Amino acid sequence: ILVLHQYGIGDFLCATPTLRALRRAFPGAHLAILVAGYCRALVERNPDVDEVLTYTRPKHGSGGLGRLAYYGGLLRVTRDLRAKSFDLAVAIRRRFMNTIACLAYTSGAPWRLGYLPPASHPFRFILNLGRGTDDTLIHEMDVGLALVASIGVPPAGREVTLVPDPQVQEAIRHRLREAGISRPALNLEPPGRVPGGGNLALVHISSRRERSRWPLASFAQAGDALQERLGLTVLLSWAPGDANNPLFPGDDGKAEEVAARMRTRPILLRTPTLRELIAAVSLSDFVLSTDGGLMHIAAALDIPQVVLFGKTPTSQWAPITGKSVLLQRDMRADRIPVDEVVAASVAVMSRWGR
């Protein structure tokens with residue numbers, strides 16, 4: 001079985017219950033997945049997957065040759081897929097998408113499952129199993145489950161699966177010890193929680209979407225409150241890099257500005273790789289972030305969190321967890337007041353804090 005998935009971190013994590021459903025339905029199958037290269041860390045330790053294949057998205061290429069490299073990479077991927085003789089290809093996407101549907105077809109799999117295009121689509125034959133797309137707004141996690149249910153695969157739970165890299169976790173522990181943090185939870189192997197042993201709050205300030213951005217001054221005030229009212233040590237997290245980087249614009253400058261505004265300087269925890277970010281979240285006891293991939297990472301790792309939503313619909317993208325409070329006001333995160341965020345953080349830690 002080949003599962004094809006395109007797009008980002010949150011999208012992929014919401015598809016992990018579908019991988020588990022396929023594994024339970026076909027326990028003896030070789031289950032492979034094709035994802036964007038930057039998502040590899042999300043799946044490489046997933047117990048339901050036997051093989052991870054990757055490609056590079058055009059915008060993550062280098063210079064003007066990025067798209068050319070993308071198509072060249074897809075040709076190589078297609079050659080490799082055909083050599084593996086898959087029986088079933090599953091294209092997980094809410095609506096018909098040419099790229100992954102064509103990859104399903106060119107993989108050579110005789111059965112190709114996905115959300116079907118309109119009847120008038122000239123290449124409708126690309127997929128020969130599936131269901132039509134309607135405008136019903138369902139959670140992103142249910143997109144894949146509903147798709148495989150159309151061929152008789154029952155769900156096997158709604159939990160999101162993510163397994164951190166133990167070596168990277170240990171590297172993050174070492175960095176935290178060097179920063180002066182010493183506590184029992186940092187010395188547990190594998191990572192564990194003990195009553196009263198946790199005191200780390202990861203505050204992630206970055207967002208790609210303008211409506212989901214919270215003011216830097218608000219992050220600084222909330223960080224001070226987490227430290228002063230809840231006794232939490234703040235690990236400041238952000239998308240690393242320079243703001244002018246055309247491929248991966250970062251928020252190095254914003255992180256420094258937030259730190260400078262706080263009364264007690266936080267620990268600036270730079271995580272240049274997704275593996276490091278996952279490890280940092282896994283060692284935290286609380287997460288504050290705006291809506292995006294990080295909230296799904298925290299949910300998968302069972303970390304209590306407060307999430308500030310902008311325009312993103314919560315009914316479609318709420319993290320799959322029972323340990324979160326979601327805040328939204330007028331479809332803009334910057335209209336959520338600091339006092340409301342602090343109150344939600346106190347409530348979360350009072351109920352689920354370690």
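Biologist: Let's start with strand S5 (residues 111-115): how many of its 5 residues are buried?

Modeller: First, this is a predicted model, in which local features need pLDDT of at least 70, side-chain atom pairs count only at pLDDT 80 or more, and totals for chains, interfaces and linings use all residues. Residues are counted from 1 along each chain as its sequence is written, and side-chain values use heavy atoms, leaving out hydrogens and water. Strands (E, at least two residues) and helices (H or I, at least four) are DSSP runs numbered from the N terminus, while buried means under 20% relative accessible area, exposed means over 50%, and partly exposed lies in between (1.4 Å probe, protein chains only). S5 is mostly covered, and its buried residues number 4.

Biologist: Which residue of S6 is the bridge partner of leucine 113?

Modeller: Strands count as paired if DSSP finds at least two bridges between them. S5 pairs in the parallel sense with strand S4 (residues 88-92) over 4 bridges, and there leucine 113 stands opposite valine 90. S5 also pairs in the parallel sense with strand S6 (residues 129-131), over 3 bridges. In S6, the partner of leucine 113 is leucine 129.

Biologist: Now the open sheet of 6 strands: which strands stand at its edges?

Modeller: Its order is S9-S8-S7-S10-S11-S12, with parallel pairing. Within it, strand S7 (residues 200-204) is joined by 5 bridges to strand S8 (residues 233-237), with alanine 201 opposite valine 234. The edge strands have a single partner each, so one side of each lacks a neighbour in the sheet; they are strand S9 (267-268) and S12.

Biologist: How wide an arc do the buried residues of H12 cover?

Modeller: Among the buried residues of H12 are Val338, Val341, Ser345 and Trp352. They sit on the same side of H12 because their arc, taken from the directions from the helix axis to the C-beta atoms, is only 160°.

Biologist: And what do those buried residues pack against?

Modeller: Asp339, Ser350 and Arg351 are exposed on the face turned away from the buried side of H12. The buried residues pack against helix H7 (216-230), strand S10 (286-290), strand S11 (305-309) and S12.

Biologist: Is arginine 332 buried or exposed?

Modeller: Arginine 332 is found in the loop between strand S12 (324-328) and helix H12 (338-352). Contact means heavy atoms within 4.5 Å, and arginine 332 touches Glu210, Arg211, Phe309 and Gly310, not counting residues up to four places away in sequence. Because its relative accessible area is 17%, arginine 332 is buried.

Biologist: How many disulfides does the structure hold?

Modeller: A disulfide is a pair of cysteine sulfur atoms within 2.5 Å. Cysteine 14 is buried, with a relative accessible area of 1%, whereas cysteine 102 is partly exposed at 33%. The number of disulfides is 0.
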